[in-house]
Amino acid sequence: MGREREIDFLHRDIISINDFSKDEIVYVLESAKAFEHMRKPILKDSVLGVLFFEPSTRTRLSFESAMAQLGGKTIGFADPLVSSSTKGESLLDTVKIVSGYCDAIVIRHPLEGSARLAAEASEIPVINGGDGANQHPTQTLLDLYTIKKCQGRISGLNIAMVGDLKYGRTVHSLACALSKFGCRLYFVSPESLKIPKHIIDDLQNSETEYSEHKEVGEVIKECDIVYMTRIQKERFPDPAEYERIAHTYAIEKDVFREAKPTMKIMHPLPRVSEIPKDIDDSEHAYYFEQAANGLVVRKALLALILGGVK
Amino acid sequence: MRPYKVYAIKHGTVIDHIDSGNALKVVKILKLDEYDQIVTVGIGLESKKMGKKDIVKIENKSLTKTELNKIALIAPHATINIIQEFKVAQKFEVALPQFMENLIKCPNPQCISRNEDIYSKFYKHSLNPLKVRCHYCERVFDSFSLI
Ligand SMILES: [Zn+2]
């Protein structure tokens with residue numbers, strides 16, 4: 001009988017959700033529960049290097065707050081203009097130097113694979129805070145944590161993803177993670193923003209049930225989660241076409257009449273017009289809770305990799 | 001079957017069973033257009049195994065491991081015949097390794113491997129069709145698209 005590898009996140013890099021087994025994802029989500037309201041100085045002597053080569057205020061604040069609530073410190077930069085990369089220093093050199101100053105690094109960088117490279121250059125664990133269109137694993141983990149928290153489980157849920165499914169890295173990573181949990185997926189998007197074929201290939205390989213749709217109304221009855229995404233103006237050369245699509249893929253209160261009472265709407269935020277403000281106080285709205293869960297999951301990850309918890 | 005005649009070589013390498021239509025890609029990836037000796041290319045030859053196949057004969061050349069791996073990317077069924085004194089001294093099939101370092105450039109211009117002074121790294125992703133995955137940007141590419 002084979003013994004399962006013991007799950008241990010101490011000093012581990014968090015680069016891509018594809019590096020996680022299902023058991024490891026479950027382990028992180030279970031560990032995170034204990035961090036819901038935790039403010040204990042379990043990372044009192046730890047320093048997190050925050051290297052943001054492109055701005056992302058919410059992700060950065062969430063990491064800084066997570067570290068502060070656990071008694072740790074952060075150093076780093078939030079703006080590439082003040083970093084040495086504008087002086088032509090390579091990413092490798094920057095990471096090697098900064099890894100001598102702290103205990104873990106969170107990096108955000110516009111180029112794909114930058115976090116993987118940083119982890120190879122670094123003696124200390126690296127967390128990917130977003131590498132271009134590739135991965136943002138703490139976002140995926142907080143999405144999964146949110147789903148588990150509001151529905152009590154992930155396995156077997158019916159989950160719709162709506163909007164820009166072509167360029168949205170969030171939905172790509174989430175769809176792949178959900179395929180490990182036997183979820184039924186509904187992809188709702190305009191023709192020009194359909195989910196890419198390579199994601200469909202992966203879903204077919206994992207025998208995940210899915211279907212593609214033009215309107216959220218077609219699937220709302222079935223859904224436990226409706227995951228909305230932002231449709232970006234710059235994807236459309238014709239502003240009139242953008243207006244039309246953005247209107248079609250905005251959610252309206254009317255569709256809730258057919259929804260399960262427990263259905264929740266999620267969104268990685270920031271939103272534009274796809275979720276009107278009048279939905280915010282509906283019992284289905286869950287995107288601000290989702291954003292708050294980012295702090296919980298990031299605290300848990302920091303504690304796991306820096307040895308604040310066993 | 002109409003017999004075809006590609007004259008025998010004394011010393012060198014014969015790359016046989018190249019997927020039909022890919023001989024020129026093999027020529028390109030091995031930079032044989034810059035090679036200063038005779039290279040013979042046969043396209044659309046009949047093959048019992050493959051229906052149609054291409055073949056490339058290179059005089060007075062033996063292939064390096066890197067070159068063999070590059071051939072495996074675009075002609076995964078290729079057979080290599082090493083010819084000495086008009087005889088096949090050695091015969092083997094190419095095989096793409098699980099992991100390839102510094103073999104090909106990542107086609108994704110947003111990939112960090114294109115922007116830092118580092119070796120590219122790829123994994124074999126699937127065999128049929130042959131696809132490879134970049135270690136850095138995690139994108140999966142059709143092997144034919146790499147040439
Ligand atoms: Zn790449």
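**Close-up views of a predicted model**

**View 1. The largest nonpolar core of this predicted model has 59 residues.** The residues with the most contacts inside this core are Ile147(A), Ile159(A), Met161(A), Leu178(A), Leu185(A), Phe187(A) and Leu302(A). Helix α9 of chain A, which covers residues 287-306, gives the most to the core, with nine residues. Because domain 1 (3-135 + 293-306) and domain 2 (137-291) of chain A both give residues to this core, it lies between them. In soluble globular proteins, nonpolar side chains tend to be buried together.

**View 2. Leu185(A) is shown with the residues that it touches.** Leaving aside residues up to four places away in sequence, Leu185(A) touches Ile159(A), Met161(A), Ala175(A), Leu178(A) and Leu203(A), and also Thr208(A), Glu209(A), Tyr210(A) and Ser211(A).

**View 3. A second, separate core has 55 residues.** Among the residues of this second core are Leu91(A) and Cys102(A) from chain A, together with Leu96(B) and Tyr136(B) from chain B.

**View 4. Four strands of chain B form an open sheet with antiparallel pairing.** The order of the strands in this sheet is β6-β7-β8-β9. Strands β6 (99-101) and β9 (140-142) of chain B stand at the edges, and each has a single partner strand, so one side of each is left without a neighbour in the sheet. From one strand to the next, the twist averages 35°.

**View 5. Strand β8 of chain B, residues 131-134, is joined to β9(B) by three bridges.** These two strands run antiparallel, and Lys131(B) has Asp142(B) in β9(B) as its bridge partner.

Note on methods:
Residues are numbered from 1 along each chain as its sequence is written. Chains are lettered from A and ligands numbered from 1 in the order in which they are written. This is a predicted model: local features need pLDDT of at least 70, side-chain atom pairs count only at pLDDT 80 or more; totals for chains, interfaces and linings use all residues. Side-chain values use heavy atoms; hydrogens and water are left out. Two strands pair if DSSP finds at least two bridges between them. Axes are lines fitted to C-alpha atoms, for helices over the stretch in contact, and angles run from 0 to 180 degrees between N-to-C directions. A nonpolar core is a set of buried Ala, Val, Leu, Ile, Met, Phe, Trp, Tyr and Cys residues joined through side-chain atoms within 4.5 Å. Buried means under 20% relative accessible area, exposed over 50%, partly exposed in between (1.4 Å probe, protein chains only). Domain bounds come from an automatic or database domain assignment. Contact means heavy atoms within 4.5 Å.
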